[in-house]
Amino acid sequence: MAAKKLNPDAAAAEVDRVLAPLLHADDERFDRLFRPKTLDDFVGQEKHKHNLRVFVEAAKKRGEPLDHILLCGPPGLGKTTLAYVLGAEMGVNVTVTSGPAVEHKGSLSSLFTRLQRGDVLFIDEIHRLSAVVEESLYPAIEDFRIDVMMGDGAFAESVPIDLKPFTLVAATTRTGLLTKPLQERFGVTLRLDFYPVEDLTRIVLRSARLLGVPCDEAGATALAERSRGTPRVANRLLRRARDFAEIEGSGGIDRAIVDIACERLEVDRAGLDEMDRRLLRTLIDHYDGGPVGVETIAAALAEPRDTVEDVYEPYLLQQGFLGRTPRGRVATRRAYEHLGLPWAESRGQKSLF
Ligand code: ADP
């Protein structure tokens with residue numbers, strides 16, 4: 001599977017963050033262990049799961065491949081997992097690639113021609129396909145047909161090749177960057193949301209069982225509360241808590257050991273880490289709480305804009321620490337209060353404009 005979920009700069013910048021929802025190198029082994037195999041195993045997102053079950057049943061009944069599916073949402077919420085789950089539910093193979101990995105039309109064509117009838121092709125970060133490659137995708141997913149150039153120079157000719165009908169499952173962290181024609185070619189678009197604490201608690205308990213580490217309900221909830229609504233982060237925090245439990249505790253995970261682990265990792269009760277707090281502090285200390293453009297925030301933090309937009313902001317926005325206005329981002333009252341800073345009522349007006 002693709003090891004990087006964003007561009008390499010963004011991923012490198014993220015490598016040290018325990019709470020970063022991007023894939024770390026050491027996550028991959030555990031991702032395989034933790035990854036649910038069936039829709040029943042996949043925790044939460046009930047509405048989407050219900051619909052997917054219907055689509056799978058209907059496609060199976062008709063003996064047809066699933067419709068093409070677009071999965072949107074921040075990193076670490078289960079898009080790749082769902083692609084594998086859909087493959088397993090349909091009883092077909094899953095081939096995985098990503099936008100940046102498909103460098104030219106030829107590499108996409110060779111992927112297509114190897115697919116069996118009904119197979120799932122998963123393209124992660126589809127918004128990062130080049131325009132030329134994206135265009136070559138259209139006839140493949142619409143008519144299951146591609147044009148391949150045969151021969152050289154003056155003898156080169158374009159030969160149409162029929163493909164076996166397949167399902168494209170594509171994932172993106174940025175629906176806004178997808179072209180309209182591409183978006184319109186998906187029969188189904190699902191937007192994954194951050195998970196509520198109850199679902200993350202179930203994910204932590206399930207992963208703890210798979211790891212063979214005792215974890216009580218309160219410990220799982222404490223981890224869930226600090227996981228930024230993101231299963232990947234929950235699983236990573238669980239592994240770190242296990243380290244503390246084994247070395248400084250009795251081996252099991254409970255609320256006390258989670259508190260110790262999070263204090264050492266500088267993860268606060270709202271699940272914000274050093275970087276989140278730095279972003280909010282920068283906004284407040286240097287820009288009077290905003291509004292300020294995302295470019296400016298990125299420059300002040302010395303982080304790529306992509307990282308700020310895909311990794312830090314979504315959770316801060318969702319939790320109401322950040323507000324979005326036409327003139328840029330603003331720190332909200334909740335951000336001031338969380339950081340223990342005085343909030344002037346007049347600021348509330350500012351965030352409205
Ligand atoms: P994405 O592709 O959206 O970045 P992944 O599918 O790679 O996210 O999910 C990251 C990890 O989180 C997976 O290895 C899996 O263990 C876990 N995970 C994600 N969603 C769920 C879920 N709904 N239930 C249980 N575990 C999940």
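Author: Quick ground rules: residues are numbered from 1 along each chain as its sequence is written, and side-chain values use heavy atoms, with hydrogens and water left out. Since this is a predicted model, local features need pLDDT of at least 70 and side-chain atom pairs count only at pLDDT 80 or more, while totals for chains, interfaces and linings use all residues.

Reader: What makes Glu309 and Arg174 a salt bridge?

Author: The term needs a side-chain nitrogen of Lys or Arg within 4 Å of a carboxyl oxygen of Asp or Glu. Here the N to O distance is 3.5 Å, so the pair qualifies. Glu309 sits in helix 14 and Arg174 in the loop between strand 6 and helix 7, 135 residues apart (helices are DSSP runs of H or I, at least four residues, and strands runs of E, at least two, numbered from the N terminus).

Reader: Why is Arg174 called buried?

Author: Buried means under 20% relative accessible area, exposed over 50%, partly exposed in between (1.4 Å probe, protein chains only). Arg174 has 14%, so buried is the word.

Reader: And is Arg269 buried or exposed?

Author: Exposed, because its relative accessible area is 56%. Its salt-bridge partner is Asp259, with the closest N and O atoms 3.7 Å apart. Asp259 comes in at 25%, so that one is partly exposed.

Reader: How do you know that Arg281 and Asp285 pair up?

Author: Their side chains meet at 3.1 Å, N to O. Both lie in helix 12, four residues apart, about one turn of the helix.
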